[in-house]
Amino acid sequence: SNGLSVVLMEKHGVPLLDMRLLINAGTVDEPTALPGLASMTAAMMTEGAGDRNSLQLADAMDFLGARIGVSSGFHSTTVSLFTPLSKFEDALALFRDIATKPTFPAEELDRLRKDRLTAMKQWHDQPRNIASIALPKLLYGESSPYGRPATGNEKSLLAMKVADIASFYRSHFHAANATLLVAGDVTLAEILPKLEFALGSWKAGSSTKAPFKTPAQVGKRTIILVDKPGAPQSEIRIGRIGVERTTKDYEALVVMNTILGGSFSSRLNQNLREKHGYTYGATSSFAFRVYQGPFTAASAVQTAVTDKALSEFMNELKAIILPVSDEELARAKNYVAYGYPQNFQTVSDIAGELEELVQYTLPETYFNSFISRILSVTKEDVHRVAKKYIDPENIVIVVVGDRKVIEDGIRGLNLGDMKIMSITDILGDPPK
């Protein structure tokens, strides 16, 4: 009655239910001065709600055998419930309080703030985190939500107050800005009255979306070496601006990336792991988002073979632009298409798929037509999207490792301009 949209997919046979409240607000909606506010709001919602504190909420969930959590992303925040059907009504009451009546206790904010600052301090000794933060920062810039850690920074965390969290919640968390997704052993007639009783009084409101600045594509090949003295491995990240989720090239890109680095039998993994033994694994991926997410190729390699591994990365990025074989194409399409039904094995799997359907306004026929669309991808499609989106001449290469051991070898590859950076150049000074 309040206008909250409900999407239901019935899955009978096992008395379980997964329900998710998808709120159209995330990192991209944060005030510029308070990065990390969206993820902190999500984290705080289970720390006190209704007349219960965090321990009481946890005890109530344990007693029911239910799981309720809140997570945030770039464009959305999700309140999720997984419960036995026999405990649904009691679990729904907890879910309602967490979603619509969070109390945001000040003492819990102080605890979470300290946890995050501690984690940020630890990042300075974790090459994987340094590399994973460095690449989006260099691609998008710190001013972009896509270019900074979702947890915020020391300045914003120290400045963040309960009033800021409450204000963000009031601005974005309301019935008109949300969709309720339900998957499980229920029918619409059975569940709708219960949802109305629990959530029908949640008020609708209005929200404004901040504009998103279109990122500039990488204009040349650049190598960033972040010195981590004594590092036993080198973390490699290679990237450029990718493409949005709603692109018409989605299926062709999925198949092409499966060949390049999206599966265990992909070219990158077979080359760097199986053939050369440089690493335990090498991957590539497109981060499909509302706006253009990054394309990333990544691996952690032995320090002594950093230059050799980079050379093989470049070989594979250049080779994928050439036509692929019939065998590779068939293997990649079969891997994607015939693995797709696994996404619908459980009620939680189904709810997760519904999230994607709603967030990107995909057609209701999307699930049923996905396999046929994948199987219809041609060699020409793969060749076309590889040439369009994989450009080895215009990429950012980030290497986090022991400079004194790896610098000369990387320079010897003549890949492009190299810039030496420190860990504090990427992460800032460790929090005090």
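Which residues of helix α10 (residues 267-275) are buried? The points below return to this after the basis of the model has been set out.

1. This is a predicted model, in which local features need pLDDT of at least 70 and side-chain atom pairs count only at pLDDT 80 or more, while totals for chains, interfaces and linings use all residues. Residues are numbered from 1 along each chain as its sequence is written, and side-chain values use heavy atoms, with hydrogens and water left out.

2. To answer the opening question, the buried residues of α10 are Arg267, Leu268, Asn269, Asn271 and Leu272, where buried means under 20% relative accessible area, exposed over 50% and partly exposed in between, with a 1.4 Å probe and protein chains only. Helices (H or I, at least four residues) and strands (E, at least two) are DSSP runs, numbered from the N terminus. The buried residues of α10 pack against α9, β10, β11, α11 (306-319) and α12 (326-339), a contact being heavy atoms within 4.5 Å. After α10 comes Gly277, with a positive phi near 70°.

3. An open sheet is formed by six strands in the order β10-β11-β9-β12-β8-β13, and its pairing is mixed; two strands pair if DSSP finds at least two bridges between them. The edge strands are β10 (279-286) and β13 (417-421), each of which pairs on one side only. From one strand to the next the twist averages 15°, with axes taken as lines fitted to C-alpha atoms, for helices over the stretch in contact, and angles running from 0 to 180 degrees between N-to-C directions.

4. Within this sheet, strand β9 (residues 233-241) has eight of its nine residues buried, so it is largely enclosed by the rest of the structure. By contrast, strand β8 (residues 222-227) pairs with β12 in the parallel sense over six bridges, Asp227 being partnered by Gly401 of β12. Helix α5 (residues 127-140) lies across β8, β9, β11 and β12 and runs at about 20° to β9.

5. With 18% relative accessibility, Thr296 counts as buried, and it touches Leu135, Arg237, Ile238, Gly239, Thr283, Ser284 and Ser285, not counting residues up to four places away in sequence. Thr296 and Pro136 are 160 residues apart in sequence, yet their C-alpha atoms are 9.5 Å apart in space.

6. Another open sheet has five strands in the order β1-β7-β2-β6-β5, with mixed pairing. At its edges stand β1 (5-10) and β5 (67-72), each with a single partner strand, so one side of each is left without a neighbour in the sheet. Strand β2 (residues 16-23) pairs with strand β6 (residues 77-84) in the antiparallel sense over eight bridges, and Leu22 has Thr78 as its bridge partner in β6. Helix α8 (residues 188-199) lies across β1, β2 and β7 (178-184), running at about 140° to β7.

7. Two helix pairs deserve attention. Helix α9 (residues 250-260) and helix α15 (residues 379-389) pack at an angle of about 85° with their axes 9 Å apart, and are therefore roughly perpendicular to each other; angles under 35 degrees count as roughly parallel, over 145 as roughly antiparallel, 65 to 115 as roughly perpendicular and the rest as oblique. The axes of α12 and helix α14 (residues 366-375) come within 9 Å and cross at roughly 175°, which makes α12 roughly antiparallel to α14.

8. The largest nonpolar core has 74 residues, and those with the most contacts inside it are Met19, Leu21, Val79, Phe95, Ile98 and Leu180; such a core is a set of buried Ala, Val, Leu, Ile, Met, Phe, Trp, Tyr and Cys residues joined through side-chain atoms within 4.5 Å. Leaving out residues up to four places away in sequence, Phe95 touches Met19, Leu21, Ile68, Val79, Ser80, Leu81, Leu180 and Leu199. A second, separate core of 64 residues includes Val255, Phe295, Val305 and Val377.
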